[in-house]
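I set down what I looked up, entry by entry.

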Amino acid sequence: MGFRRAVGGRINIFTKIMIVIVLLLVPIVMMYNSSNKISTGVVERELLQVNLNRLRFFVDQMDTEVDRLWRAAFVIAREPDVVQLQFRSSNAQTYSRLEAKKLLQEKLDMQSTTLAWTNKLTVFSPPSGVAVSTNWMEEYNEAYFESAVQDYWDYRQIVTERGEEMAFVRHLILPFTPLGKPENPNLYVEVTFSTQNLVNMLERFMQGSGGKPFLYHPSFESIQTHDSDKQLVGEMTRQFAILNQNTLNKEGSVKITFHDEPYLVNYAASAALGWYLVDFVPMKKVLQPIDQSKRIFYGAGLLLLVLGVAAAALLYRNVQRPIYDLIRAVKSLRRGEYGHRIEREPQNEFHYLIEQFNLMSDDIKTLIDKIYIEELRAKESSLKHLQAQINPHFLYNNFAYIQSMAQLERTKAIVAFTQHLSQYYRYTTKTEQQLTFLAEEMDLLRNYLEIHRMQSERLRYDEHIEEGMMKLLLPRLLLQPLVENAIVHGMGGRKGECRIIISGYRTENGCELAVEDNGIGMKQEALDSLRSSLQQTSALQSLGLWNVHQRLRHYFGPLSGLHIDHSTLGGLRARLIIINEGGDSHI
C-alpha cells in the first residue's frame, strides 16, 4: 500500500497514528522496566481482593454505559422533532413527511454515534404510524411494540445488517408511567445494544490476566468471549447455578474443582442488567512466579504495536481515502458537474455515505430538469391564458361602443372609455411579469368592469377586501376570468340589474378571494360537471377556469384551488382558496 503525504507537505493520518503509538509504547516500556525491578510476593488473599476490585470496576463501567444508553432514550424523547412526530398527521404531504423523517434520522444517527457502545435507536409514534430507526433491517409497527419492556433490560434476538443476533432491549413508553405500560401510548423509544459490546469488554478485561470471564444469568445462555473454552465455561456455569440456588451475595469469591484442578472464581452482580460477571483462574496460574509477567508484557506490547500498525493502515485505507474521494466529488458538484459519481465504494460505513452522495447527485440533476420543465409549463399556461383573454368579440364590442359615442359626439365618454381600455390591455399584455400584488389585480378588474358598465348601465359591482390584503402576492390574471364568467353567463340571460361582488378575507390557514353574482346560476348537474372538469389533467371545457385552478395549485400547493358553488344572490360564487404551505406567497 502506497501512503502519500497530504497537500502542502502536512503529515497524513497514518504517520500521525504511528507517532502516537510509539510515544505511548516508549513510556509504558520504561515504566514497566522500572517497576519490575521491585518484586514482591503475591499471596492468595491479596490476589483475590485485586481480582474482585477489577470485577467491581468492570461492572461499574458496564452499568455506567448501560445507564447512559437508557438516559439517551429520555434525551431523544425530549427532542422537538420527536415531540412533533406524535402529533404529525398521517395525511401530511409525502415531501414533508420524508423531510421530517430525514431530519429525525440524522439526529438519531448523531445521538447513536455519541455513545461508546454500538447501539440501535428507534422512535415509533402509534398515532402517526411513523417509525424512524438506525436499524434499517427491522420492521417496526404496533405489533412489534406489543412486547415492549420498560422496567428492565430484556434479552432477546433481533435482526440487524449483520443478521440475527442476541441483544439487550429496553423501551421508554410515553406517557411515562413507572408502574406499567400506559393504555394508549403516544411514543415508543427503543434502545438496543448487542451482546458484542459486552464481549468486547470481556476481551479487554481478559488482557493482562489469566482469567476466563463470562456473564451469567440463570434464565439465559452465558455470554462469553470468542476464544473461551466452551466445555470449561459450561461446567463453571453449571456449578455456579448450583451455588445460585443457595442465594449468592452480590459479589464474592468461591473455589470450584473441575477435572481435579482447583479454580479460583470471583463474581460480581450488575445492578443495571441483573447478570453476574464471573471470572475463574486456575490456582496454578495464580501461584506462578511473577517474573513470567515480563515476557507477557513484551509480547503484549509487540502485539499492540502490530495491531496499531494494522489499525493505522486500515484507518488510512477505509477512512482517509474515502474522505479524499468525497472531497473531490463535492468540489466537482460545486463546479456544476452534477453528473459526477464516485466509482469506488468501500464495504464499510463510508459505503452508505458514497451511495447517498451518488443518489443526491441524481436527485439534484432530476430536480433541475423538473424545475426547467415546470417553468416551461408555467410560461405555456400563461401564454394560453393570455390568448384566451384577448378575444375578437370583446374588441369588436369596444370598438362599436367607441364608434357610437363618436357619432353622438360624447367626447368625455370616449376619453374615459379608452383610458380604461388602454390600462386593461397594458396590464394583460405584460407577459414578462409572472407575479403581481392583489392591488394591481383589483385595478385591472375596476378597468374591466368600468368598460362593461359604460356599455350596460344595469351592471353594478362592489368590492369588500379585508384591510392589509392588497399586498398579497399571487400569479397574474387569476380574478379576471371569474369576473368575465359572471358578466357573460350571469348578465347574458338575466333582465334587470346585474350585481357582482368581489370580496377577500383571511382564513385560519391562508385567505380566500370570491366573485359572486346574481345571475341565472347553474343547475346542480352542470355545476358538478364543471367541478369535475377542473380536476382533469387537461382542460376539456372552461379553459379559463381550469387554467386558474391549475395555476393556483402549481404556485400555492395542492391544497389550494378554485371552488365554485351557488351564491346567496341567486347566481354562482367562485372562490380562490389559498392555503399557506410555507411558500413565498407573503400571505
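**Entry 1. Basis.** I am working with a predicted model, in which local features need pLDDT of at least 70, side-chain atom pairs count only at pLDDT 80 or more, and totals for chains, interfaces and linings use all residues. I number residues from 1 along each chain as its sequence is written, and side-chain values use heavy atoms, with hydrogens and water left out.

**Entry 2. Overview.** I found 15 helices and 17 strands in the protein; these are DSSP runs numbered from the N terminus, helices being H or I of at least four residues and strands E of at least two. Of the 587 residues, 42% are buried (under 20% relative accessible area; exposed is over 50%, partly exposed in between, with a 1.4 Å probe and protein chains only). I also looked up contacts (heavy atoms within 4.5 Å): among those between residues at least 6 apart in sequence, 63% join residues at least 24 apart.

**Entry 3. H11 with H12.** I looked up how helix H11 (residues 411-428) meets helix H12 (residues 438-455): the angle is about 140° and the axes are 9 Å apart. Axes are lines fitted to C-alpha atoms, for helices over the stretch in contact, and angles run from 0 to 180 degrees between N-to-C directions. The two helices are therefore oblique to each other (under 35 degrees is roughly parallel, over 145 roughly antiparallel, 65 to 115 roughly perpendicular, the rest oblique). The residues in contact include Phe417, Leu421 and Tyr424 of H11 and Leu444, Tyr448 and Ile451 of H12. By class, I noted 10 nonpolar, five polar and three charged residues in this contact (Ala, Val, Leu, Ile, Met, Phe, Trp, Tyr, Cys and Pro are nonpolar, Asp, Glu, Lys and Arg charged, and the others, Gly among them, polar).

**Entry 4. H12 with H13.** I then turned to H12 and H13, which pack at about 20° with axes 10 Å apart; they are therefore roughly parallel to each other. Leu444, Leu445, Tyr448, Leu449 and His452 in H12 meet Gln480, Val483, Glu484 and Ile487 in H13. Six of these residues are nonpolar, two polar and one charged.

**Entry 5. Aromatic rings.** I paired rings of Phe, Tyr and Trp (its six-membered ring) when their centres lie within 6.5 Å, with planes under 30 degrees apart stacked, over 60 edge-to-face and the rest tilted. The count by this rule is 24 aromatic pairs. Tyr155 and Phe220 have ring centres 5.2 Å apart and planes at 70°, so I recorded the pair as edge-to-face. Tyr155 is buried at 13% relative accessibility, whereas Phe220 is partly exposed at 34%. Phe168 and Phe193 have centres 5.2 Å apart and planes at 15°, so this pair is stacked. Phe168 lies in strand E4 (residues 163-174) and Phe193 in strand E5 (residues 187-194), so the pair ties together parts 25 residues apart in sequence. Both pairs belong to one aromatic cluster, which also includes Trp70 and Trp275.

**Entry 6. Backbone.** Most residues other than glycine have a negative phi, and most peptide bonds are trans. I noted that the peptide bond from Leu174 to Pro175 is cis, with omega near 5°; Pro175 lies in the loop between E4 and E5. Leu477, not a glycine, has a positive phi of about 60°. I located Leu477 in the loop between strand E13 (473-475) and helix H13 (480-491), where Leu477 counts as buried at 4% relative accessibility.
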